[in-house]
Number of protein chains: 4
Amino acid sequence: MQGKMKALVKTEPAPGLTMKEVDIPAIGPDDALVKVKATSICGTDYHIYAWDESFQERIKPPLIAGHEFSGEVLEVGENVDIVKPGDMVSAETHIVCHTCHQCRTGQMHTCINTTIIGVDVDGCFAEYVSIPAYNLWVNDPGLDLSVASAMEPLGNAVQTALAGPVAAQSIAVTGAGPIGLMCIPLLKMCGAQKIIVTEVNAYRLNLARKLGADIAINPAEEDPVAIAKEATGGLGVDGVLEMSGAPAAIDQGVKMLRPGGRMSALGVPSKRGVTLDFGDDIVFPAITIEGIAGRKMWETWYQTDGLLKAGLDISPILTHEMPMEDFERGMELMASGDCGKVVLIP
Amino acid sequence: MQGKMKALVKTEPAPGLTMKEVDIPAIGPDDALVKVKATSICGTDYHIYAWDESFQERIKPPLIAGHEFSGEVLEVGENVDIVKPGDMVSAETHIVCHTCHQCRTGQMHTCINTTIIGVDVDGCFAEYVSIPAYNLWVNDPGLDLSVASAMEPLGNAVQTALAGPVAAQSIAVTGAGPIGLMCIPLLKMCGAQKIIVTEVNAYRLNLARKLGADIAINPAEEDPVAIAKEATGGLGVDGVLEMSGAPAAIDQGVKMLRPGGRMSALGVPSKRGVTLDFGDDIVFPAITIEGIAGRKMWETWYQTDGLLKAGLDISPILTHEMPMEDFERGMELMASGDCGKVVLIP
Amino acid sequence: MQGKMKALVKTEPAPGLTMKEVDIPAIGPDDALVKVKATSICGTDYHIYAWDESFQERIKPPLIAGHEFSGEVLEVGENVDIVKPGDMVSAETHIVCHTCHQCRTGQMHTCINTTIIGVDVDGCFAEYVSIPAYNLWVNDPGLDLSVASAMEPLGNAVQTALAGPVAAQSIAVTGAGPIGLMCIPLLKMCGAQKIIVTEVNAYRLNLARKLGADIAINPAEEDPVAIAKEATGGLGVDGVLEMSGAPAAIDQGVKMLRPGGRMSALGVPSKRGVTLDFGDDIVFPAITIEGIAGRKMWETWYQTDGLLKAGLDISPILTHEMPMEDFERGMELMASGDCGKVVLIP
Amino acid sequence: MQGKMKALVKTEPAPGLTMKEVDIPAIGPDDALVKVKATSICGTDYHIYAWDESFQERIKPPLIAGHEFSGEVLEVGENVDIVKPGDMVSAETHIVCHTCHQCRTGQMHTCINTTIIGVDVDGCFAEYVSIPAYNLWVNDPGLDLSVASAMEPLGNAVQTALAGPVAAQSIAVTGAGPIGLMCIPLLKMCGAQKIIVTEVNAYRLNLARKLGADIAINPAEEDPVAIAKEATGGLGVDGVLEMSGAPAAIDQGVKMLRPGGRMSALGVPSKRGVTLDFGDDIVFPAITIEGIAGRKMWETWYQTDGLLKAGLDISPILTHEMPMEDFERGMELMASGDCGKVVLIP
């Protein structure tokens, strides 16, 4: 499809994004062109917007930002039979090689040649996006478009939560950003016995409580390790979902665990070094720390889809919705932490 | 049985052990009295001998040291039917409570009320030892007594190695102390494709090579991460058995892993803080770190016994054997690192 | 405690049970005496009552029947510290040896020397029961006593359901007897996407619907395999919980599964031979059939307890409650199938 | 490449194959043309040759038979970058759809749209074969070409054996056809404690002994269940690799298992009904039966490749090698059972 579209573009290696008119992207034989209906802001998007040091080497302007979206398939390339025009879709944002060891052993989510839309190639903060058709997930036509735009981060939550047992377990969630918040209804739905949330931002801590966290702690004010131990008869929690990337929270997380417990770690620290008491907190209590990357392709998507169909409701976490033009307000909200997920409508 | 026996006793809160005559221990209704045939020196024993700071609070003199041993059952308490006089035995050194959550869910090796012989109660550097009969493992009468004395640390090696897949895998062992060395014939026997060992001590590095390590690296001289990557086509190893407790080795270990690989961590750092690149080395590559404590009771013992019966040979690692009287020479060998396992004969 | 009590006794090798006065049982040093507050009827109890051929060899009259109960601890033996008088308890009915390979490897539920109360030794259809204290599970004092009497069969349901993934999965339950019925709220609570139940008895099928089964099928009237395939887009269900022991249901169960699915099989056929299409239904689709015995000791009990604390409600399945004197009416209900769980009050 | 080649063709719906000259196959954009260096005969090939009833509906003449082969890549289609001319290859014989639930969740080996070369499309009993490049596995140039032709059935053995623990385990192999025989060196290499083989054919039973089976039983002469129990102290074996498809062997296999053991079942019965004692042999002892289909794509291939590189030697099982022209002699050998794997050289 030829023509022009609005898009949020990182035009130069500096803070900010620019709303500008660009060409509607072309599609190759394996791609689909999708009309973007809703797109949500990820922490990564904010880091790119703010031009954080950790992204300065990887991002090559000009680049259309954004990777979380829902939309409608408009056109498909000649080799495509997995989706068709009219399909309402969400997208896996990792474009994988299909040939490396990881891809060939059921571990595409850790493909060693991954490229990511909105990071390595043009993204979805735009009216249209071109993406390999393989990366699309067809939703029920009736799925709310804002919820659908958040299927990708919800998939992070699902992979993290379901990386270990949930039913009948006591689980701590360290960090109540949007993905941490999504874990709360998810854990409740999957039979968790007790949900303990730690978060420093008051808005998010309050939202955690509304979503049904049994205990919600501000670790700047209370000792989450002592509280988690007390809430579990002194034993410690069965699992920790590490969503913050904060070194202190990671350290508290391993200390909260009972012997033999699991930490599933999705949060990425902004700096490299995290110091842990490896002997007393990992070796002797025989705990497991598992890194969580992206979403299992496509097991996590089937699970996420299934949970939504079974009634999982993340809409209270989609706290803000605004026209794409207002992206700067959305980015400010992300910076403040006084929000759940922020959705932009192109 | 009444009478006197020789024993190595920590008589006061200070370095050293004293060979002295003490009472043969009494047994309770659930205990067995074992004539010690061979006892081997663990790193823990050396730390107690040297009166390292980390043990000064836990050890309450007077205490007979030592926990690894083989021997013959002489007498049993009235409730005992699991062993009988004449049985040749090795021993699990963790005395567990049988009633905590861990004990009641198949995780006795992480019992929250564990006491350890030779640490919390009198040990086996003596002619006789009293121990709960439940803690004994009956060996084939023909099993070499020195090998039998090392069943407990061999069990550490077995639990660590078999905590993840071995067959057809490339595995790195970081640290070639006695337990790290035991991993080499064990991994070969279980079908490992490639074994990479890192160790700074020349004697142990040489022994690792003789035992069949495919690659043996001194990380003070070569870059183990680069070598491990090169040896695996750039991907990284499937598994790391962390046996050193050295912060640098732990860091190198996670960096050696392929995405999705596993580190099974037995080595305990002498200081608390180990700093890791949590995001780039754990979260993004989705690796798993699992702490390994003791031996699964008793799955690990069945495995260890089975591997010995199937031909596992650890005798080359039992490099030194001497009368118990010569324990100071044995401790010096441990301090130097120029040894495998040192066995004392009471 | 000395004295007399009422009990339901199999007095001779013939159909029926006799309500009679017998001695209150003595307790040994490891036992507890429990005042029975509620006791529920298992299919096994009915088979013993009816003197089915399959039990004629095992049951040695005189025997007090019954194994599911809740009660209050009155007295404990001298070695007991795991419970104390006044504790409100349910009981694991498998008395295990603690020394066989199974017991020593975390698999007590398949102890090769198991004895079962009410089958091999006197049971709980009585005012008092003596049982090893190790077999008791302490409940919250406020737990409903009838629900508590059904903790043991609920544990069967929990072990079966949680033997594989539940969250986001489509699960079929073949057979809606009391344990099959318990699976319905359990599966819903643990995030199942779709629950399909097959059952021939109209009363139970109706109860299954009330409990929230998405699809409830009478296989005498409709084809459950075709319906299960249709409900899953032609693929088949992710899991089957086999609760009936009916050869036809087992065969339908494996045919309902998607490739790679799991059947967790608790139901025991009344006759020995079950004929399956082993190649087309098991090998080629790579399904897994796992036999489920009893309850994992004690992992299943922690899970069951946790789910009850998190709100699991099985009370609608406790359809009938009556004085122990009316046991013949209870047995008739069991024979008719027009009931859920029947509870007797001593 | 244009021209003619020799091939073994099922020319009509009747017993036999015909050696005839046909066109060298064309390749599509995703295919590779491979010069066949060695091809081995599978039981499936024999069934097609013999025109067994079970294949009469599926096979549509004319069809070139054969699916196990090694060869050299000659040409590749325009989209292919995964292999290149000159590569020495083996092939996965399942051509999968990449879009069904199974393919998208790491379970390609149970793709619901699988086509198989030599069964559904032209195969490799020919001088050249065209196959999707995705299906090729690149071998070390030095790998023996006959061994390489048997990588596919060896992969069956690897997937079956490694579907559960092997190290330190006692394992029974029921059926010593070529794949069952391959399990013997494989199990030994992966640390099995004891290997018990059952087989009715004397030639194969003898070969099993030569390969190192600890116990080799002819079930027509001895009771394999009693012998397996005796060899394991009465407990039963930890695992059974079911390779025969014989109903009696499947029944004996489940009876040989210890409680909690696993049967990994690859053998396909020639008739539909296999009758098992589902209650006493599966439910009560809590065993697991897992069907094994093909090879995990591509985890099994990495494992198989790794084991060969680590020294796995299956050459004693390649008992016969002959020119492709002598295929009828090869088929007679297969019919008699007096052979291991039979290799044809085009």
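Modeller: Two strands are said to pair if DSSP finds at least two bridges between them, and with that in mind we can read this model, which is a predicted one.

Colleague: In which sense, parallel or antiparallel, do strand 17 of chain A and strand 17 of chain B run?

Modeller: Strand 17 of chain A, residues 288-291, and strand 17 of chain B run antiparallel and are joined by three bridges. Within this pairing, Thr288(A) has Glu290(B) standing opposite, in strand 17 of chain B.

Colleague: How many residues does each chain bring to the contact of chain B and chain A?

Modeller: Chain B gives 37 residues to this contact, and chain A gives 37 residues. Together the two chains bury about 3,000 Å², with 64% of that area on carbon and sulfur atoms. On the side of chain B, Arg272(B), Phe278(B) and Val283(B) supply 20% of the area buried against chain A, which is more than any other three residues supply.

Colleague: How many salt bridges are counted between chain B and chain A?

Modeller: There are four salt bridges between these chains; in one of them the side chains of Asp280(B) and Arg272(A) meet, at 2.9 Å from N to O. The interface also has 12 residue pairs in polar contact, both residues being at pLDDT 80 or more.

Colleague: Which elements give two or more residues to the side of chain B that touches chain A?

Modeller: Those elements of chain B are strand 15 (257-265), strand 16 (273-277), helix 9 (278-283) and strand 17 (288-291). Sorted by class, the residues on this side are 21 nonpolar, 11 polar and five charged.

Colleague: Turning to the other pair of chains, what area do chain D and chain C bury between them?

Modeller: Chain D and chain C bury about 2,900 Å², 64% of it on carbon and sulfur atoms, and in chain D the residues that lose the most area to chain C are Arg272(D), Phe278(D) and Val283(D), together 20% of what that side buries. Four salt bridges are found across this interface, and one of the salt bridges joins the side chains of Asp277(D) and Arg272(C), at 2.8 Å from N to O. Strand 17 of chain C and strand 17 of chain D pair in the antiparallel sense over three bridges, with Glu290(C) opposite Thr288(D).

Colleague: Why does Gln303(D) count as buried?

Modeller: Buried means under 20% relative accessible area, and Gln303(D) counts as buried because its relative accessibility is 14%. Gln303(D) lies in helix 10 of chain D, residues 299-309, and, leaving aside neighbours within four places in sequence, Gln303(D) is in contact with Ala168(B), Val158(D) and Leu162(D).

Terms used: Residues are numbered from 1 along each chain as its sequence is written. Chains are lettered from A and ligands numbered from 1 in the order in which they are written. This is a predicted model: local features need pLDDT of at least 70, side-chain atom pairs count only at pLDDT 80 or more; totals for chains, interfaces and linings use all residues. Side-chain values use heavy atoms; hydrogens and water are left out. Contact means heavy atoms within 4.5 Å. Buried area is the accessible area (1.4 Å probe) that two parts lose on being put together, summed over both. A polar contact is a pair of N or O atoms within 3.5 Å; within protein, one must be able to donate a hydrogen and the other to accept it, and residues adjacent in sequence count only if both atoms are side-chain atoms. Helices (H or I, at least four residues) and strands (E, at least two) are DSSP runs, numbered from the N terminus. Ala, Val, Leu, Ile, Met, Phe, Trp, Tyr, Cys and Pro count as nonpolar, Asp, Glu, Lys and Arg as charged, and the others, Gly among them, as polar. Buried means under 20% relative accessible area, exposed over 50%, partly exposed in between (1.4 Å probe, protein chains only).
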